[in-house]
Amino acid sequence: MERKNIFWNAGIFLTLSTVALLPIKAIATEEEKVNELPNVDLDEPTPTEENLSVEISTYKENNNSSALSNYETKVVTNDYHNKNIDTQYSISSDLSNLNLIKRDLVIPANNLLAQAINNQNQAQLNPLEPNVPVIPKELPSVPIPEETPEQKPEQKPEDESQLTPEENKKILRTLMRNLLDNSASRYPFLVNTSDKLIIDPRNFQHLKFDFYSQFSFDLDKFTAGNRFQEGEFNDLTIKSANISYYPDDEQFYWVLDGNRVVIETEGRHFNVGYQGRSNQQKIRQIGKVSTVFSGMQSVFGLPIVLQDLVGNINFNDVNIISGAGEIVLPPGASLADNASFNFNITRSDGSFIQKFIPINDTRKATTNALEGGGSLFSNLDATNALRFLQFFPTVNLQPLLNNGVKLEIGSIIPRENLEAAGLTLGDFFTKEGYAFNAPISSSPGIKTLQLDQSDNNDIVAVLTNPFLTREQRDFHYLNSLMWYNLGQQNPEIATLNIIEPQNLDWYRYTLSWSHNRTLLHYDPEKIKLNYLNVFANPGLSITTNQWKNTDFNQTKNASLGLIFGSVFNVINPGNLNETISEAKKKYNNLQPLATLNTKATSQQRRQMNQRLNDTLNYGNTNSNLSQVSGSYTFASNITPDSSLLLQLRTGLYKRSVQFMEQTIEPWTPETPVVIDFVRPIDLGPILYTGVNIPTNLTQINAPETFEVTFIRGETSDGKVLFDQSYVFNNLANLFTAVPFLGPGKIYDSYFGRIKLSTFRQRDIQTSSYAGNLFLPAVELTASGSINNFSYALSAGTWFNLFPDSAPMIDNNLGKLIPNITEESSIGGMLKFAAKVDFTNIFYDEKKQWHTIIANSPFFSLSYNTNHNSLNLSGISLGHIFQFVKPDFNITVYPVFSYTPQMLNSNVKSGNFGNIGTFFLFNFSHNVGFNVNGSISFGNPSYYQIEATYDMIRDQEIGTFTIGPYYTNYSLATVRGFESQAEDPHNGMIFRYKSPNSGLVINSRLGHNDFGFRGQLNMEFNF
């Protein structure tokens, strides 16, 4: 495989050189400074009022935390509390913060495997089918064994000064913030509840940040010829943006007497997310109904029969003596009527003949002369001189030209003209009422080609007169052919765009206010924890296209689901509000935090806290909702070995749809009938040439005439030498002009065609939408665990106030068009997930662990009552294998997905019965070297591989990571969904993380023959 790209070559060289040359110690992270403030959590006793100031001045780290912190510095570089495995960018699965009992590796399903939505570019509304295996969003946690904490004697200050109330309140506030932050770092889902869209409890770091933001940009630019669509296009620029703000004075943590812990968090949240794409185009349909006249005619000029002109003369005993003369007339002169030729002829025997020939005008017998063809040969002496054979009868269509109509394309023919010609058009679409009835105007046969000598002077005019004007020729032409009407044709529909297709990208803007209230109650006698939580996250949602167009139906649907969350603001189970008020009163009065006095040890409380956090996380991950607007945990039972939570949730349920709507205007009235086509006229004329024939040789009765001539000679001085006159009796020498065929066209055959049409039109506006709908939903969730077995079951229902509506769509045609999805007003959903975590830890002779092997098989089932090609029900089965060493770890992650027909009745899909296979691999070393790869098997198969290295890891500068990647596919938002297609390209990965995680940049920049590929994710917190 050729790697011509500069990113790839530079990245390979830079990565390998750095790994080989730089010493590990120069790159490894230095030991972090220990926070001087107390690191107290739910698992340990809290300081009392008497030793509050002493604790703050002397307490640096609890025993457990201290031991683990020292241990992690020696073993594995610390990164995040939970690792996101993102196959689009990296698979960062370094060992997580080892002061946690378990390590959660989060794997967003949308990043593990690209959506395999069929990318078909042929038509606007081809069916779409996702092929995404159901993948658990989190890897099972790997417990890291704890070292026995070293017991240190408690140090007391030498001088304990008296503090003012303001100083005490400030110290108490600092203590509370530390308690909240420490608990959030260990048990993020216990402290803060996720809404599955904006709020990520793992990012909540109260000591560091109040403001959190994440932005995702897509920089792809595809040139012409790519596999997604024919033309050049840019992918979406902004894919999503999250902004959260947690005011410092609205976050609260307190320990009350009675083993009660109160936690309250409040925030404001804003999200922008891509929802889908609409397409609009307006076309005009022009219907045309035509009727065609097809005509034919053949004519043949017959030669002159000499016997008919010269009588019974024996032509075998005729001596022909011929002579010729020529008269050349100057320009503008005309031949006199008495023009003649005088020939003096000497025979071969010496005898002399004088011939006087008066000229009979031959032009009257010639086609191309006004006196001949121009006069329809009406000047001929003979009335039977021209004969022709007419092969077909004629039908007269001359009434079509009534009222001044011209025989040319575009001429409008009044309906009365059609009726006069015997034509009646029927209904535009059914043809009912059509009729044509026109009589025969002349019969075929041998006829005389002279005016008024046959039964059709029109065909005579066409065959004889080359001087006809266009209008005259068109008129005679319509009565010269045998016209047939081919009937009324079926309507022809032509479609043209009057508004070019317009694509609009739709985004959903969400604004919400979260209020999370939690009460933990540790049973004083039993090893049991009771969890009570009410999470309210009401808000508003707006679906808009860059604020130019707003879809109010989708705005109402999504806003209703978010407004449901306001109900949880007024819920007060178990006097939760009074308990929080009691805790705040103690805080304001500078009263000390109570201590936890339970039969359960701190280790058991820690186990219960961790199990509760894992159960909340697992239940949240396997919820059907895409955004949670409120939840109420109304039953719980937590022990170190088991857990059970029952929750009521409201929020939004996401469904993928492909809608289409058409607004069809009625057909306009019929236009007047117009001439749509006329074949050029090419019938006649038949060419004749005039020749003088002696009249006495014909049967023509010519009048007796006399001709005179004389000859006179004179000298130059006027003396007459001779003057002789002659008188001729011209009876025997009189000539008549007779037309003879040729030269040129002597026969003709012609097929005529006239097409008459009428039109109607209508405008059609077509709107389509492919993307997501966010619908109000209510869900009941049961999640829990027994030892190493975890499960989550969620069932609920969703509502759609506008089932036929989507952006730019008001009336979906899903019931009429097979490829269009159909939605209902109400539906149900069900999801079940289960996993088992098996962990084996191996120790050395010093009782220090050296190897951890974890196996986690899992199963998932998703079902919805309104399944279609875009919302399929399916099952998935997978296994996660993790091999952990103190300095590196390996993760192998196969997943198999299956979409059975029995769960998707009445859905036509090509994926039923096929097993989708996905495989992920990750290797991570504590020096900062990572190798990640993934492959999705199919036809075709998609894969990618990347290698990154932490070039710089410094507590003051931050962490800078670089490395090359290669993949054979791309994702592009072409039709409202992220479509996947073969698109081999390579490039470089660049990452940066500031020392306090206030700025995180994750990018990849690449290129191939079809343009630039780029993605950028940013986190900015302060």
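Throughout this tour, contact means heavy atoms within 4.5 Å, while helices (H or I, at least four residues) and strands (E, at least two) are DSSP runs numbered from the N terminus. This is a predicted model, in which local features need pLDDT of at least 70 and side-chain atom pairs count only at pLDDT 80 or more, although totals for chains, interfaces and linings use all residues. Residues are numbered from 1 along each chain as its sequence is written, and side-chain values use heavy atoms, with hydrogens and water left out.

Of its 1022 residues, 51% are buried, where buried means under 20% relative accessible area, exposed over 50%, and partly exposed in between (1.4 Å probe, protein chains only). Among the contacts with a separation of 6 or more, 73% are between residues 24 or more positions apart.

Next, select residues 457-464, helix H10, which is largely enclosed by the rest of the structure because seven of its eight residues are buried. Those buried residues are Asp458, Ile459, Val460, Ala461, Val462, Leu463 and Thr464. If you then display what covers them, you will find, among others, strand S10 (260-302), strand S13 (387-390), strand S19 (445-448) and helix H11 (470-477).

The buried residues of H12 include Asn553, Gln554, Thr555 and Leu562.

Now select arginine 655, in strand S26 (residues 642-664), which is buried, with a relative accessible area of 0%. Leaving aside residues up to four places away in sequence, arginine 655 touches several others, including Trp798, Glu823, Asn864 and Asn866. With asparagine 864, the side chain of arginine 655 makes a polar contact of 3.3 Å (a pair of N or O atoms within 3.5 Å; within protein, one must be able to donate a hydrogen and the other to accept it, and residues adjacent in sequence count only if both atoms are side-chain atoms).

Finish at phenylalanine 896 in strand S38 (residues 888-898), which is partly exposed, with a relative accessible area of 40%.
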